[in-house]
Each structure stands twice: as structure tokens, then as C-alpha cells.
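Me: Hi! I'm new to this one, could you walk me through it?

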Amino acid sequence: MHDEPIDPFNGDPADPAAGLHDPREDDPLDPLTEVERQDVLEDLADLEIYQALLQPIGVRGLVIECEDCREPHYFDWDLLRGNLRHLLDSGRPRVHEPAYDPDPDHYVSWDYARGYADGVHDTLTEGTEDSAEE
């Protein structure tokens, strides 16, 4: 299993992007600070919980409002996980494009997922707290 999408032009001499140079490759790489790294690790852990809770009810991933283009970006679970791992490994986010014709009904925001997980946690611990008080 790959953490990132496979390049369909990998090794193809007719690759339309073969002659393009990514100017960011020349930029010095600033590694993530320890705080930033910890935040990404926490996001990965949260993502596992959100997927476990939401995927069985038909949620395919998360929608994130892009700060650069001010558009919603729809990420399935594996793609978002791969993007976070890439950020950990390289110190920089991946280039992104909006998903092609996603169905917004199948995606929730990060805040919605967090609230859903908190609600499930509260519901599950409600009964145990009542038992402990008796």
C-alpha cells in the first residue's frame, strides 16, 4: 500500500511535467519544530479515531478549508494520512489540488469529527461515571 498517489507518468519519457522544475526544491528546508511535529503526530492519532468512528456510517474523509485558495478541499482518509506523514518526513506540505467532483455529503470538517468523537467518548463514559459515584 502506498501512502501517496502513484504518479501515472512515472518513468514515462512522454511525461508532460518532466521538463518542469519545482522551485521549492531549491528552498532550504526548515524542519518542523518539536511543537509542530507533536501537533502533526496528534493529528495522525486523531485521524485514526475519526476514521474508526465515521467511516462505518459512510463518511469518506474530511473537508478542509484551504488557506491559500479559500476553497474546500476534500481528502479521503488515506490521502490525508499520507499528507500528514509526508509533512512529518519532509517538513513541507504537499502540493494540492481540489478533488474532482467530490460529493460533499460524504465528508465532514475536522471540527465536526472532533465533536463527534467527543460526543461518543462522553456517551461511553457517562455510564461508568454514574457507576463510580454509587
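Me: Which residues does Val59 touch, leaving out those up to four places away in sequence?
Reply: Val59 touches Leu54, Trp77, His106, Tyr107 and Val108; contact here means heavy atoms within 4.5 Å. Bear in mind that this is a predicted model, where local features need pLDDT of at least 70, side-chain atom pairs count only at pLDDT 80 or more, and totals for chains, interfaces and linings use all residues. Residues are numbered from 1 along each chain as its sequence is written, and side-chain values use heavy atoms, with hydrogens and water left out.

Me: Where is Val59 found, then?
Reply: Val59 is in the loop between α1 and β1. Helices (H or I, at least four residues) and strands (E, at least two) are DSSP runs, numbered from the N terminus.

Me: Buried or exposed, that Val59?
Reply: Val59 counts as buried, with 9% relative accessibility. Buried means under 20% relative accessible area, exposed over 50%, and partly exposed in between, using a 1.4 Å probe and protein chains only.

Me: And how far apart are Val59 and Asp105 in space?
Reply: Their C-alpha atoms are 8.1 Å apart, while in sequence Val59 and Asp105 are 46 residues apart.

Me: New topic: which residues of α1 are buried?
Reply: They are Val40, Leu44, Leu47, Tyr50, Gln51 and Leu54. These cover an arc of only 130 degrees around the axis, so they sit on the same side of α1; the arc is that of the directions from the helix axis to the C-beta atoms. On the other side of α1, Glu34, Val35 and Ala52 are exposed.

Me: At what angle do α1 and α2 pack?
Reply: About 170 degrees, with the axes of α1 and α2 (residues 77-90) 10 Å apart. Axes are lines fitted to C-alpha atoms, for helices over the stretch in contact, and angles run from 0 to 180 degrees between N-to-C directions.

Me: Last one: what is the phi of Arg70?
Reply: Arg70 has a positive phi of about 60 degrees, although it is not a glycine. Most residues other than glycine have a negative phi. Arg70 lies in the loop between β1 (61-65) and β2 (72-76) and is exposed, at 63% relative accessible area.

Me: And how many helices and strands does the protein chain have?
Reply: Three helices and three strands, running α-β-β-α-β-α from the N terminus on.
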